[in-house]
Amino acid sequence: MIARRERLAVLACERVGAYSLLRLGRGGLEPGIPGQFFMLEAPGRVLPRPMSLCLAPPGELAFLMEAVGPGTRALCALEPGAEIHVFGPLGNGFDLAVERPLLVAGGIGVAPMPYLADALGGSVRAILGFRSDRHAEAAALVPGAEVVVEPRLVTELLPDDPGDVLACGPEPMLGAVRALVPSAQLAWEAPMACGYGACYGCVVERDGHYVRLCIDGPVLRDAA
């Protein structure tokens, strides 16, 4: 699927607990594979921000985000009628050819899970972890999910036979999931400046060597 850059219109920016759901007109962009990402222009900032797709209703692309810095604050402040440049889809997403999917997410790692659940048929097991009850309101985007709030951890709910785990969240959570389920597909996070491998800003260490998450990921899994 070829990535494209277009200027898209803001349809709405809705509150979802502690997060914001930015809805954009799709234009000519394809939603891509769950786990891929898009580079969103952050008004007033030099560099765009990488965001995984949360929902893809007809004619829309929707991104769940938390206002934690100047870029995300600018995106969360967008109003209907504004326009921003969007580039994508980029990177490698989840392998959907799984027999017993179990979605596992922590915090803003919940962002790609609604689109992923839809791509897998809609009725999928999911375990979601959040740091507060207000953040946990985002679990409504993944109907039927089991939810834990700190100090409880999502790994406490992993069954002995978890099936095919597809996870996204902070690095400590992904490390814990990987230790328990080595076959898990893990969507990692890192700052990105370009999204296509030129800047090397998203390089992370992986088993003694370095990978660019925008090219080799964001979804990584151990070799069989």
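**Cavity, pockets, rings**

The whole structure has 1 cavity of 30 Å³ or more. A cavity here is a set of points on a 1 Å grid, over the protein atoms alone, where a 1.4 Å probe fits but cannot get out. Points join across faces, edges and corners, and volume is the space filled by probe spheres set on them.

This is a predicted model: local features need pLDDT of at least 70, side-chain atom pairs count only at pLDDT 80 or more, and totals for chains, interfaces and linings use all residues. Numbering runs from 1 along each chain as its sequence is written, and side-chain values use heavy atoms, without hydrogens and water.

The largest cavity holds about 30 Å³. Its lining includes Arg-178, Arg-206 and Asp-222; a lining residue has an atom within 4 Å of a point.

Now pockets. A pocket is an open set with protein on both sides within 12 Å along at least five of seven lines. Gly-106, Gly-107, Glu-150, Pro-170 and Met-173 lie nearest its centre, among 18 lining residues.

Last, the rings. How many aromatic pairs are there? Just 1, counting Phe, Tyr and Trp (six-membered ring) with centres within 6.5 Å. Phe-38 and Phe-63 sit edge-to-face (planes over 60 degrees apart), at 5.6 Å centre to centre and 75° between the planes.

Definitions and conventions. Phe/Tyr/Trp six-rings, centres within 6.5 Å; stacked < 30°, edge-to-face > 60°.
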